[in-house]
Amino acid sequence: MTDATELERRYRRLLKCFPARYRREHEQEILSVLMAGAAEGQRRPGLAESADLVMSAFFIWWREVTRQPRWRWERRHRRLIARMRVAIGIWLLVVGVILLSDGYWWGVLMVTPAALHFYLAYRLRHAVQS
Amino acid sequence: MGMRAMQEATFLILTALAGGSQHGYGIITDVEQISDGHVRLRAGTLYTALDRLRDDGLIDVDREEIVDNRLRRYYRLTPPGQKRLAHEAARLQANAVAAMSRLHPAGVMR
């Protein structure tokens, strides 16, 4: 295996961190940029470069998750869904508190999904009318 | 979109595209040149920025080419993108002028 194909294989593996939809549109393109920037005889991605790709994948995922709803149904029922998300968030917190008071420390883990639901509800309520 | 101060990388990417459409690696080398070698964008950072700029309607895809079996997608500045860059450049210039005039109040430039 030549150095270039070895490097490309490793880059492709890193690019798997990105969401599928994003990858379909941009994988080839990003790969050409990475390969164009590679040094002669380079066999593996640099540490900083790999970290940058993983961080970027995280941002793209985050944007994908929090992007304002595009589906007609969710837009039409924005208020209802926002309320449902708040209700689910509260429910998760209540369950977390019950678990904690029963001595299960991992009840704390309920905070993250609850916070996500609250955040999404907030985004829905403040989505641009369209 | 709000008028929050723009990040330097974003500003430089828009500046690179202000001279005409460019593909990813072209933007990286151009940004390096514009910034006098101070800013070398990494691929991930570049594409996160491009994704956001496209979402905001400041840039758009211009065309695609295949060179040596590799896909090159060219991006261009949209009219709102030009407007935003002009606004940001004027703001930075005003800031720089203010800083210079306070550092050299008597107009003594070194």
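The model is a predicted one, in which local features need pLDDT of at least 70 and side-chain atom pairs count only at pLDDT 80 or more, while totals for chains, interfaces and linings use all residues. Residues are numbered from 1 along each chain as its sequence is written, and chains are lettered from A and ligands numbered from 1 in the order in which they are written.

A:Gly96 belongs to helix H5 of chain A. Helices (H or I, at least four residues) and strands (E, at least two) are DSSP runs numbered from the N terminus. Setting aside neighbours within four places in sequence, A:Gly96 is in contact with A:Gly107, A:Val108, A:Met110 and A:Val111, where contact means that the two C-beta atoms, placed from the backbone, lie within 7 Å. By comparison, 35 Å separates the C-alpha atoms of A:Gly96 and A:Leu14, which are 82 residues apart along the chain.

Helix H5 of chain A covers residues 78-101, 24 residues in total. From first to last C-alpha this helix reaches 35 Å, close to the 34 Å expected at 1.5 Å a residue; the expected span is 1.5 Å times one less than the number of residues. Along with A:Gly96, the buried residues of H5(A) are A:Ala82, A:Arg85, A:Gly89 and A:Leu92. These buried residues pack against helix H6 (111-125) of chain A. Just after H5(A), A:Gly103 has a positive phi of about 90°.

Chain B contains four helices and three strands, arranged along the sequence as α-β-α-α-β-β-α. Its C-alpha atoms fill a box of roughly 60 × 30 × 20 Å along the principal axes. Of the 110 residues of chain B, 29% count as buried. Where contacts in chain B join residues at least 6 apart in sequence, 42% of them link residues at least 24 apart.

Between the two chains, 14 residues of chain B are in contact with 17 residues of chain A. On the chain B side, helix H2 (24-34), helix H3 (43-55) and strand E3 (70-77) each give two or more residues. H3(B) supplies the largest share, six residues. By class, this side of chain B has five nonpolar, four polar and five charged residues. Here Ala, Val, Leu, Ile, Met, Phe, Trp, Tyr, Cys and Pro count as nonpolar, Asp, Glu, Lys and Arg as charged, and the others, Gly among them, as polar.

Key. A residue is buried if 20 or more other C-beta atoms lie within 10 Å of its own, exposed if 12 or fewer, and partly exposed in between; C-beta atoms are placed from the backbone.
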